[in-house]
Amino acid sequence: MLPQVIVHEPEQTNVPSTAVAAIKKVLTKVKGITVQDYYIEYDRNRLQFVDNEQRVSLLLDVTWIDSKYISGAAREFGVPYFHVDLSVQTYVKLMEAFLLARAGNDVVYILPNLQEVDATIYLLITDSYLRAIVFGELDEDTVGRITNIRPYPAFYAVVAGTAQMNAILQKAIDGGLVRKPEKWNLLFTDMESDKFAYADSYPEMNRLHLDVSTCCILLQQLLPCICPDPFDPMEAHLENVLELLLQWSVEVPLPVVHALNCTPEPDPEPYERATAAQDALQNKMGSMAQFWITQESDMVRPNLNLSIITSPTGQNSTSPLQPPPAATTIGSLVQGEVVMASNETLRPSKRFFRIGTTESIPWAYRKRRPTGEILRHPATGEPIWEGYCIDFLHELSVVMNFDYDLVAPRNGTFGMRDADGKWDGLIGELVVGEIDFAIAALKMTAEREEVVDFVAPYFEQTGILIAMRKPVRETSLFKFMTVLRLEVWLSILLAIVATAVMLWLLDKFSPYSAKNNKEAYSYECRKFTLKESFWFALTSFTPQGGGEAPKALSGRTLVAAYWLFVVLMLATFTANLAAFLTVERMQTPVQSLEQLSRQSRIKYTVVKGSDTHDYFRNMKHAEDVLYQMWRNLTLSSGNDQAQYRVWDYPIKEQYINILSAIETAEPVATAADGFRRVNERLDADFAFIHDSAEIRYEISRNCNFTEVGEVFAEQPYGIAVQQGSHLQDELSFFILELQKKRYFESITAKFWNNSARGQCPNTDDSEGITLESLGGVFIATLVGLALAMITLLGEVIYYRRKESSRNIVKVAPFGTADGALDQRDGRRFALKEKSIAAVRHLLDLGTTPPKVRVGQQQKEHLNAGKKKAIPKEVTIGSKFISAAEKQQKLSYIAIMPRNPIH
């Protein structure tokens, strides 16, 4: 009979029943031996038998702690001792080997119950290379604790059966822990991994499944074998150990130790034989396929072959919005060694950082829809960030090989210290360890350096600048008319009218005018009617002048005075127009902060609680302190301070006035509110004092803004880390490397791109006067053209109406007069003879027109007239009488024919 003692943990309540079943099964295979088994719960302090009659020839330790006390006692009594693992430690050991292959250095273990948590902790204490945190029984409280771990762990590892794995993953997903599936590593402790519910949802997870070969190895069968359902690898492992030990006990005689023999004196020879046989068996077990014994420990573990299933590394999706490729077997884990399939590699471990940032355009800002709604990542639900710092952080993550989460501060923005000395914002998050480092538009100040450390600056010196809106000038097509006031234009018009009327009167009543002095001016002269006088007065303003001047001295005196007036008015208008346009282009309200503080028309403000606000408050406080010091010096009674006694205060109280004006205008909540207020003031009577980089960014995107003055109070931007953090030197090194590659120049050109301002409309006439300013001149010309066309139309209509009312007498030509007879008063006569008689009468002066004769008498009369000489000049009548006075329908008299009649 073989007295066997099995030592187990108090939590391992199932060990006795499992061992009894295994012994019965093994005894069917090993003949010629009986087993008397005893079970002892190990209390960590001493090995205590149940009664004094117990004996022991073989000590089997299935506790999860490598107790030197038990093994030492067994060697002291010469009892063969074997430490067998029936706990979760073998699975955890395999998981650690896999994580080390992925270059992991820290992990969070999640186990289904507290018993396995204890076993895992003992393994990690005695034999582990990872920094680990162990959680069991995942619930809402545990999820919150895992979420608050800082820094974030590189990996999450879950060791459980398939049913338990599904429950744990469901709670982790609901709690928001599974944001990066590739960091999750799952080890299934049963053969039912095909029932895993999230295999298709998260193919990036690394799954370790018990391979079918494990079942064949533990059952000591050849491949392929039929694996029983259900199959417990630990029960099969215990059967293999018991079978080997019982066979060994038959071959090697084992000593029997009684419980009452507390101070034994073993026989050296049997003791040495038993010890040598135990070592030989231990070495034999190490070479057997069903066992796994590491060099660091003599614990006998089952040989579990695991298949590594995940998304292939060579088939990454091209877009984060596309689903990852399906999971497949990329390798196996055999006795703690990772064996990869061809062309497959494990994803290396990446450090994970929790990085703080806050909104500040263009450094970092949440991407929004046109409606203002924040865009979120479809997989994680987190806001999508953009900006200079976000691009810079992505580049850092590439060169430094880390993953990160962006976190906005719970309270505040960049960080302010309250009266109790506590910080909020990014600085406060760094102080309490909520984030690993902060990257934002964070200025390096002495106050902040008291609680955090800064790395090398990543951006050139920034400071404070003034932004204003370009004044919106009223565009007018008749801007040239605004050079002179309305009363001046009315005075000019009155002068033109008065000059025209006076010129008409002088020409009419002066005895020496061309109209009244025909003898002096026998040739045709200009007649200054009222209409002609107005035309002369208007055309005198043109370069060609008014034309012919009056002849009388009085008229010429008036014209000379009027021309002097015209010359002076033209010169005045030209000079004022040039000055008006020039001054309008050069008009700028203020040029510096000092000028802004000296005026009261333009209001200005800052962002409340910002670095700019703190700057003005600190400068105002400094002026107050300096004033108190100066006052104390000047009011001192000592003679040695007499040199400080001056009448005026020698320091300008500039910042006191500036801060007072800022508080009066009310500081804005955000920079966007400040730019909005500036843009709303069309008269450029509001200024916004803010960070120079942000102002120049807005100017590059908005045509309405302009900067005023120079940058002042310059400070650098830097990344903040916790005091004493190892990241300080590493970040500084890689920032300098990026500077060598001129990375910051390219990213600066991306966000501060002034090419968009080339599309801005030219409103300052810097390249010449625009059509909007002088378009009225062309309009006046077009109006003149239109009036001319209307006048032409009126002239044509008037002429046609006049022609239609005229009495026209048709006269037949002489050549046809013989046949053309006119009948008047009942008598007929030849038109030719009548016309000839009329002409002959005109030539024969002194005679009365004879009656028309026909026949021979008419011919004789004409022949007699031929003998008279025709005079060169013929005067018709003694004076000129207009035909229109006698006959209204007669417009002119025609004498025909012009050639001599004979």
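In which loop is P230 found? P230 is found in the loop between helix 7 and helix 8, where helices (H or I, at least four residues) and strands (E, at least two) are DSSP runs numbered from the N terminus. The structure is a predicted model, in which local features need pLDDT of at least 70 and side-chain atom pairs count only at pLDDT 80 or more, while totals for chains, interfaces and linings use all residues. Residues are numbered from 1 along each chain as its sequence is written, and side-chain values use heavy atoms, with hydrogens and water left out.

**Backbone geometry**

- A cis peptide bond joins D229 and P230, with omega about 5 degrees.
- The bond from L223 to P224 is also cis, with omega near -10 degrees, and P224 is placed in the loop between helix 7 (212–218) and helix 8 (233–251).
- Q335, a residue other than glycine, has a positive phi near 50 degrees and lies in the loop between strand 15 (328–334) and strand 16 (337–340).
- A684, likewise not a glycine, has a positive phi near 55 degrees and is found in the loop between helix 19 (671–680) and strand 25 (686–691).
- Q335 counts as partly exposed because its relative accessibility is 33%, whereas A684 is buried at 0%; buried means under 20% relative accessible area, exposed over 50%, and partly exposed in between (1.4 Å probe, protein chains only).

- Not counting residues up to four places away in sequence, F392 touches I439, Y458, I719, I735, L738, Y743, F744 and I747, contact meaning heavy atoms within 4.5 Å.

**Annotated positions**

- An unreviewed UniProt entry places the feature "binding site" at R448, T612 and D691; UniProt positions are given in the numbering used here, feature names are shortened, and annotations may be inferred rather than shown by experiment.
- R448 is found in helix 12 (residues 446–449) and counts as buried because its relative accessibility is 3%.
- T612 lies in helix 17 (residues 611–634), counts as buried at 2% relative accessibility and, leaving aside neighbours within four places in sequence, is in contact with I464, V606, I689, H690 and D691.
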